[in-house]
Amino acid sequence: MAVDYRTETVVVADAHAGERLDRALALAIADLSRSRLKALILAGEVTVGGRTVRDPRHRVNAGDTVTVALPPPEPAAPAPEKIPLNIVFEDDEIIVIDKPRGMVVHPAAGKTTGTLVNALIAHCGASLSGIGGVRRPGIVHRLDKDTTGLMVVAKTDRAHAKLSAQFADHGRTGPLRRGYLAFAWGGPDRPRGTIAQPIDRHPHARDRMAVRAGGREAITHWEALERYPGADGKQVASLLACRLETGRTHQIRVHLAHAGHPLIGDPVYGPGFRTKISRLAPEAAQAVEALGRQALHAYLLAIEHPVTGQTLEFRSELPGDLARLRMCLGTQTAQGPKTVRKGHVKSKT
């Protein structure tokens, strides 16, 4: 469900020229505190002349049009709910789960129950880390609602701090790795490559992201594993293995759509490609129509255990809907990603 944003638009008065952005807004919008405005700026919810500005110290000019997007207030603290979890690994410090499709990670406006956080509070009880805040206890990274696959959650404050540092580093100096299997329309003509394009909020749709100059650094590495022919024998889709070097919202979905190869089934970034279904054989077309979500699965997660220092590697097989999609699309190449039994973990000291 899209978040219902309210917006406030301010035209900077001559008297406020040269002021810091957060102060200029506080002077112009009486019902928002300067600290609240600063938080909104840092969260990327403020644009100046249509460009997102994340620096509260930015100096404004007379006549600048400043727009503030205000998400609705969040509801009360989440309650425990006994929701089944597919637990891949668990000890006193962390829990790794294989998230199903349709599960929101944490409560937000429009979705306050049935989330992973509700399930984790019930499963972990008082041990669940609270360092992430009351709304997101233990959460150090996220998957979109309809993206399936592996997630790690911290159960203690020390685990949360160390895992957060690993995800902030994006594996550049440590063992952290996040691998995704993505079924995309079309496909690149090279065997592998990198998409390095900045991502920010879409200028007109606040619940979407977009490649935008001046956005936050975003890097996705990809490798073509399988290429799928259409009914006419020409390539119509592909299976890509993607590895994240950064962790922006909707990063793989935005990057592949920007490259002209949006995810199959993506209702936000790929609806214009639905006509390609007509190029599929009937069984493959039925599999795509039945999907009802973006074809993206987090199949690989490697982390350094926050206490023991061991490198733990987890792999998850494709869930049933994506396995059926892969089978129905058929392959032009025999090689694909190596899969192992769910819950398999490799440890390295």
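How many aromatic pairs does the count come to? Two, if rings of Phe, Tyr and Trp (its six-membered ring) pair when their centres lie within 6.5 Å.

1. Ground rules. This is a predicted model, where local features need pLDDT of at least 70 and side-chain atom pairs count only at pLDDT 80 or more, while totals for chains, interfaces and linings use all residues. Residues are numbered from 1 along each chain as its sequence is written, and side-chain values use heavy atoms, leaving out hydrogens and water.

2. The tilted pair. F89 and F314 have ring centres 5.6 Å apart and planes at 50°, so this pair is tilted (planes under 30 degrees apart count as stacked, over 60 as edge-to-face, the rest as tilted). F89 sits in strand β5 (residues 87-90) and F314 in strand β15 (residues 311-315), so the pair ties together parts 225 residues apart in sequence. F314 is buried at 0% relative accessible area, while F89, at 22%, counts as partly exposed (buried is under 20%, exposed over 50%, partly exposed in between, with a 1.4 Å probe and protein chains only). Strands here are DSSP runs of E, at least two residues, and helices are runs of H or I, at least four, numbered from the N terminus.

3. The stacked pair. F183 and Y228 are 6.4 Å centre to centre with 15° between the planes, which makes them stacked. F183 belongs to β8 and Y228 to β12, so parts 45 residues apart in sequence are tied together. F183 is buried at 0% relative accessibility, and Y228 is also buried at 0%.

4. The largest core. A nonpolar core is a set of buried Ala, Val, Leu, Ile, Met, Phe, Trp, Tyr and Cys residues joined through side-chain atoms within 4.5 Å. The largest one has 28 residues, and L116, L120, Y180, C242, I252 and L256 touch the most other members. Its largest share, five residues, comes from α3. Apart from this core lies another, of 25 residues, including A284 and L318.

5. The open sheet. Four strands run in the order β1-β4-β2-β3, with antiparallel pairing (two strands pair if DSSP finds at least two bridges between them). The edge strands, β1 (6-11) and β3 (51-52), each pair on one side only. Six bridges join β1 to β4 (residues 65-70), and T9 has T67 as its bridge partner in β4.

6. Helix α2. The buried residues of α2 are L37, L40 and I41. Just after α2, G44 takes a positive phi of about 80°.
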